[in-house]
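Grab a pencil and work through these exercises with the model open beside you. Each task comes with a solution that goes step by step.

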Amino acid sequence: MKVLETWKQSSWKIKTLVILAVLYVLYVLLGFLVAPGLVRDNARQALAELTGRDVQINEVKINPLALSATINGFAIKDEQTEVLAAFDHLYVNFQVSSLFRWTWYFDQIALDGLTLRARRNPGSVFNFDDILAHIEAQAEAEPDEEAPVAEQDAALPSIAVGELVLTNGDLRYTEAAGKTPHELILPIAFDVNNFSTVAKDKESNDYAVRLEGPDGGVFDWAGHFEFTPFIANGRLQVERVDLVSLAKLGQDQVRFTVPSGEMDLEAQYEFTQHPEAKLLIEEGRLTLRNVSLLKPGQESPSIRVPGVTVSGIGVDTLAQTVSIPEVEISKPEIHAVLEEAGLDLATLFLPPDEEKAEQVKEQVKEKAQQAAERIVEAETFWKVTLDKVGVNGSLLRFTDRTLSPAQTVELSDGDLTLTNLVVGEEAPFQWQGSAKLAGEGALSHSGEGKLAPLSISSKASLSDLPLATFSPWLEKDMPLSLTAGTLGVDMNAQVSGDAPDATVSASANIQGLNLLEGGRPLLKANNATLQGLSLSTATRQVQIEEIGLTGLDMLHQIDNQGRDAATRIDAGSTPSTADSSGAADSGKPWQVGIKRVRLVGSQVRHEDLTVSPNFRIGLYQLSGIVSNLNTRPGSRANLDLKAQIDRYAPFSIKGVLAPEPLYSDLAITLQNYEMTSLTPFTGLYLGYQVEKGQLGVETDVNIENNHLRSKSDIRANQFYLGEKVESDEAVKVPIKLGLSVLRSRSGEIHLPVKMSGELDDPSFSVTGMILKVLTNIVVKAATAPFSVLAGLAGGENLERIQFEPGSATAGAQTNDSLEALAKVLDEKPDLRIGLIGTTNAADRIALAEQALGSDLDGEDWPGIDMALEESSLRRKLKRRYESSTDKDVETLVSEPLPEDENEADRILAKAAWDAMAPPMAEAITTQQLVELARLRSENAKAALVQQLGVAQDRVYLNESKVDGDVAGLTLTLAK
């Protein structure tokens with residue numbers, strides 16, 4: 001009561017002070033004791049309902065005196081990462097002065113130990129997806145409320161913070177979409193001073209953000225920003241960022257790992273929202289150090305870049321421009337590996353999953369095509385300017401593991417400078433560079449051009465490229481190998497237009513070429529040059545001024561299986577896998593023209609191992625020109641070539657040749673070729689080796705309208721066969737005799753040969769026709785020599801020489817034949833003649849008549865014709881018949897006799913003669929006939945030797961034959 005009495009008696013000032021003191025005490029008690037628990041519980045419940053997760057708040061402290069609050073041990077739980085978001089301490093200090101500033105002013109907001117954790121699981125499912133779904137479900141469950149219409153220029157609430165600090169924070173991201181989870185931890189800290197949503201002075205809203213990577217990388221972001229309108233500027237700097245850790249997060253999306261690499265990035269930026277959004281980046285600089293990309297399973301990186309510096313980067317989003325003053329790339333190394341599945345670099349950046357890889361490839365193709373079309377049409381949205389790109393000491397290594405063993409070729413010591421490359425504007429760019437190819441080949445190149453419209457001109461030079469380096473690739477596809485040779489090329493090229501169209505002019509040379517086929521020499525060349533090459537894809541034409549071949553040495557070999565080089569190469573070549581279903585070029589065919597091919601000091605050799613001994617022949621000192629070669633239908637090439645066959649026999653070919661339609665008008669000559677080299681063929685087909693001989697040929701070959709006409713003059717001088725060779729294919733005729741028949745007095749065999757035939761006749765073969773004609777001539781000379789020799793005998797066949805029946809004395813006709821035979825022997829000194837005396841039925845009759853006449857009149861018998869003119873001899877004939885037959889002579893005549901007595905008497909005498917001669921012919925003995933035949937051959941030899949000057953050893957007598965077909969001589973020939 002006393003207290004109440006005192007309270008009533010107190011003045012209003014005292015009462016006011018007491019009330020305020022009580023309220024203050026209540027305020028303090030509530031702030032210290034009651035409010036922390038309420039805030040903690042309500043906050044935890046609200047966040048749990050919002051997120052659908054277990055939310056933890058260990059402690060809430062409120063200092064009502066300092067207007068500060070502290071929250072300790074906050075966490076939103078997560079089953080996969082333990083916590084989704086958490087911090088150790090949050091301190092907020094609110095200032096009462098906010099009441100007088102019309103601003104929510106906080107002296108300090110300090111956050112310590114913040115951790116934010118995200119995890120991506122297979123199927124791109126994140127560990128916070130359930131929270132987003134929970135919030136969305138709550139929003140859909142709540143009744144729709146009409147949202148208030150916002151003012152057009154609604155201002156941000158006025159908030160100011162003297163110091164906004166984050167310490168000991170980290171961001172954690174776990175990539176668990178692949179087979180092995182990878183975690184990235186980024187420590188984070190920042191300090192923002194004088195933060196204000198309305199302040200416009202430079203001393204407000206300064207901030208500094210710092211993140212430290214697990215391996216020493218640092219992210220510094222410092223600057224200034226303002227609101228209404230929003231303005232931000234500052235500097236971003238990243239140092240020593242470990243690319244290894246970053247790459248692990250995406251290693252399941254690509255087919256490589258990053259075993260090493262650091263990155264630096266810095267730039268100044270300025271962003272303004274009014275009047276249009278605009279971002280400016282200036283003085284940007286990107287640096288990469290020791291970056292390596294390693295394909296799993298490989299020992300060395302596919303890509304290694306010791307240093308890349310991109311300096312002066314500038315970006316203007318409003319103007320849509322990007323400018324890069326300079327890019328420097330130091331000693332980059334690229335190692336491409338070709339395997340059965342393809343080139344590894346082509347798939348390095350694709351997902352390991354094949355289905356996803358195909359999707360990415362299609363997307364990349366589509367975007368690349370769209371970008372290329374925009375560049376060509378100069379319709380790019382952004383203008384990109386690259387003032388200078390410099391590459392020094394580059395190395396491109398290509399390894400082909402489809403070969404066994406694997407082969408590697410390098411493009412090393414590469415330097416490249418590219419200037420003024422602009423995308424999105426018509427502007428010329430330039431480049432120049434150099435490199436070493438395969439260790440020794442010196443490559444230099446330069447050029448200039450524009451991307452829109454496309455127009456590029458370039459020059460390139462390559463020297464001393466060792467061709468043997470590329471032999472394994474040649475050996476893979478065909479049985480050929482390059483063991484020596486260096487290539488040099490000088491080339492100018494222009495590319496332009498939408499197609500685009502390309503024109504190329506070039507010259508090339510190859511020194512010391514050595515090409516083997518199956519380990520055997522095939523082609524060598526001391527020097528091969530190509531001059532004045534011009535190529536145009538627009539006109540589909542290739543023109544070559546000259547191909548020069550000096551010291552060419554080509555070997556064409558037919559092996560013991562009968563296969564020539566082309567057949568062996570085709571049999572040993574890898575079949576092409578190219579798609580022939582629709583990839584053929586439907587445009588007009590390419591036209592290739594070569595103005596001149598010049599051969600100097602060359603040789604072409606041929607070997608045939610199907611015959612024994614092996615046949616070898618060669619064109620040596622081959623020189624000349626082939627001009628006007630062209631694939632254009634109707635064009636004709638001119639040939640003028642000279643050589644020495646086997647280094648001594650002059651050979652030439654001159655004329656005109658066309659492939660389509662086939663046409664030729666050629667003159668071919670060969671002189672003094674030693675025929676001993678032909679022994680493999682003469683032994684096979686003639687059955688003898690060549691003892692000696694020289695061959696000469698003059699041939700005119702004409703082909704027109706698919707019809708062949710050939711006229712050859714073949715001369716074999718002193719051609720003699722030697723020892724016999726056993727051969728089942730040899731002709732079974734006296735071939736040596738045939739050659740002797742053909743051989744002239746001077747030792748020359750002259751064979752004029754004419755051929756004619758239709759080339760489109762499947763049965764017609766030029767080679768077969770030549771062999772057939774030559775074989776027929778020689779065989780005919782061997783089997784029917786006298787028909788061949790008839791030309792020398794005035795057309796007379798001397799195989800038989802006629803005598804008068806019953807006579808061994810040579811008459812006029814016989815002497816003419818013997819003279820013709822002597823002439824033949826004089827022209828054919830290698831021939832010997834065999835004389836066979838022969839008789840026939842006419843000789844029996846003649847001998848019988850001779851015996852009958854001798855009986856009638858002795859040695860004075862004049863012959864039947866004269867005897868019929870003398871009456872005394874007619875009387876003897878009639879009496880001889882009547883006495884020997886006891887028959888009247890008139891019985892021999894059935895027809896009436898003429899009235900003239902003399903004529904009738906002659907008829908009766910002749911009838912008696914004809915009746916008596918046959919019986920006497922049958923009585924002629926063989927010995928009489930043999931003697932007649934012998935005398936004929938002896939008399940003929942005597943005439944040939946003594947009168948006509950034939951050497952007696954060239955005429956020999958053979959055994960006589962009786963009752964044959966010839967009344968005279970039958971001749972034989974021998975060598």
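Buried means under 20% relative accessible area, exposed means over 50%, and partly exposed is in between, using a 1.4 Å probe and protein chains only. One bit of housekeeping: this is a predicted model, where local features need pLDDT of at least 70, side-chain atom pairs count only at pLDDT 80 or more, and totals for chains, interfaces and linings use all residues. Residues are numbered from 1 along each chain as its sequence is written, and side-chain values use heavy atoms, with hydrogens and water left out.

**Exercise 1.** Decide whether Ser481 is buried or exposed, and list its contacts beyond the local sequence.

Step 1: the relative accessible area of Ser481 is 15%, so Ser481 is buried.
Step 2: skip neighbours within four places in sequence, and Ser481 is in contact (heavy atoms within 4.5 Å) with Ser471, Leu474, Glu475, Asn514, Leu515 and Leu516.
Step 3: for context, 37% of the protein's 975 residues are buried.

**Exercise 2.** Work out how helix 15 and helix 17 are placed against each other, and who meets whom.

Step 1: the axes of helix 15 (residues 841-857) and helix 17 (residues 871-885) come within 10 Å and cross at roughly 110°. Axes are lines fitted to C-alpha atoms, for helices over the stretch in contact, with angles from 0 to 180 degrees between N-to-C directions.
Step 2: so helix 15 is roughly perpendicular to helix 17, the label for 65 to 115 degrees.
Step 3: from helix 15, Leu852, Asp855, Leu856 and Asp857 meet Leu873, Lys876, Leu877 and Arg880 of helix 17.
Step 4: sort that contact by class and you get four nonpolar, no polar and four charged residues. Here Ala, Val, Leu, Ile, Met, Phe, Trp, Tyr, Cys and Pro are nonpolar, Asp, Glu, Lys and Arg are charged, and the others, Gly among them, are polar.

Methods: Helix = DSSP H or I, 4+ residues; strand = E, 2+ residues; numbered from the N terminus. Parallel < 35°, antiparallel > 145°, perpendicular 65-115°, else oblique.
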